[in-house]
Amino acid sequence: MERRVFKNKVYTLFSQMVKAMANPHRLEIIDLLGQSGRTVEEIAKETEMSVANASQHLQVLKASNLVDIAREGNYIRYHLVNDKVFETWSDLRDVGFERVAEINKLIQDYRAQKNSLEAINIEELVTRMKSKNTILLDIRPTEEFNSGHIPGALSVPLETLKTFIKTLAKNKEYIAYCRGPLCVFADDAVAILNRKGFKAKRLEEGFPDWKIKGLPAHAN
């Protein structure tokens with residue numbers, strides 16, 4: 001095989017893989033599957049797509065070997081083939097934060113409305129978790145928490161927070177985390193906690209970001 005033919009073919013294959021990711025719905029699906037495996041119905045509900053559309057996007061990702069399936073009884077669950085797929089999305093996301101001003105403006109404007117502009121990163125969280133004064137709240141759905149979570153975190157899905165808040169002490173600091181920088185569960189939780197007089201901040205990243213850093217994770 002001639003050198004140019006080889007390069008054309010290999011770069012074409014890489015571009016096909018990138019093309020499979022180059023869709024807003026498919027990027028959101030990758031972000032979701034970074035939390036836990038899901039059925040097509042669950043993905044459709046989360047992304048507010050029809051089941052048929054969600055299935056089409058999943059087939060594109062599967063054809064490019066970015067997602068795989070596992071059968072559980074009568075259900076088929078989709079999952080990322082490995083953590084490198086999420087890492088690729090995470091790297092792309094970080095480049096967007098650094099180079100696309102409009103992305104940061106959208107995020108800043110949204111968080112200004114929620115009064116949740118102040119955040120901490122994973123490195124700061126590791127330090128703060130050494131203090132008994134810091135309580136970590138996982139705001140994701142229970143199923144995602146059970147699939148994997150930061151050690152020591154309490155599972156408090158957003159819809160249960162207003163009830164759970166009655167058990168919290170006001171002399172503690174609360175750090176809320178969810179799926180990642182583009183997830184808004186933690187922002188909503190911080191807004192609720194602050195309104196009730198609690199000292200609360202959100203974690204800038206999410207559980208998948210914690211995991212790909214090689215930090216310990218628990219699963220139920």
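Predicted model: local features only at pLDDT ≥ 70, side-chain atom pairs only at ≥ 80, totals over all residues.
Let me start with helix α5, where the face turned away from the buried side carries the exposed residues Lys84, Asp91, Glu98 and Arg99; exposed here stands for over 50% relative accessible area, buried for under 20%, and partly exposed for what lies in between, with a 1.4 Å probe and protein chains only. Residues are numbered from 1 along each chain as its sequence is written, and side-chain values use heavy atoms, with hydrogens and water left out. Helices (H or I, at least four residues) and strands (E, at least two) are DSSP runs, numbered from the N terminus.

Now, which residues of α5 are buried? They are Val85, Phe86, Trp89, Ser90, Arg93, Gly96 and Phe97, and they cover an arc of only 135 degrees around the axis, which puts them on the same side of α5; the arc is taken from the directions that run from the helix axis to the C-beta atoms. As a reminder, an α-helix has 3.6 residues a turn, so residues three or four places apart point the same way. Among the elements that cover this buried side, through contacts (heavy atoms within 4.5 Å), are α1, α2, β2, α6 and α11. At the N-terminal end, Asn82 caps α5, with a side-chain oxygen 3.0 Å from the backbone nitrogen of Lys84.

Helix α4 can be read in a similar way. In α4, Ala54, His57, Leu58 and Leu61 are buried, and they cover an arc of only 100 degrees around the axis, which puts them on the same side of the helix. The face turned away from them carries the exposed residues Ala52, Gln56 and Ala63, whereas the cover over the buried residues includes α1, α2, α3, β1 and β2. Just after α4, Asn65 takes a positive phi of about 60 degrees.

How many aromatic pairs are there? The count comes to 1, where rings of Phe, Tyr and Trp (its six-membered ring) pair if their centres lie within 6.5 Å, and planes under 30 degrees apart count as stacked, over 60 as edge-to-face and the rest as tilted. The rings of Tyr174 and Phe198 have centres 5.8 Å apart and planes at 80 degrees, so the pair is edge-to-face. Tyr174 belongs to strand β6 and Phe198 to the loop between α10 and β7, so the pair ties together parts that are 24 residues apart in sequence. Tyr174 is buried at 2% relative accessibility, and Phe198 is buried at 7%.

To finish, I turn to Ser36, in the loop between α2 and α3. Is Ser36 buried or exposed? At 10% relative accessibility, Ser36 counts as buried, and, neighbours within four places in sequence aside, Ser36 is in contact with Glu144 and Ser147. By contrast, Glu48, in the loop between α3 and α4, is exposed, with a relative accessible area of 74%.

Terms used:
Polar contact = N/O pair within 3.5 Å; in protein donor to acceptor, adjacent residues only side chain to side chain.
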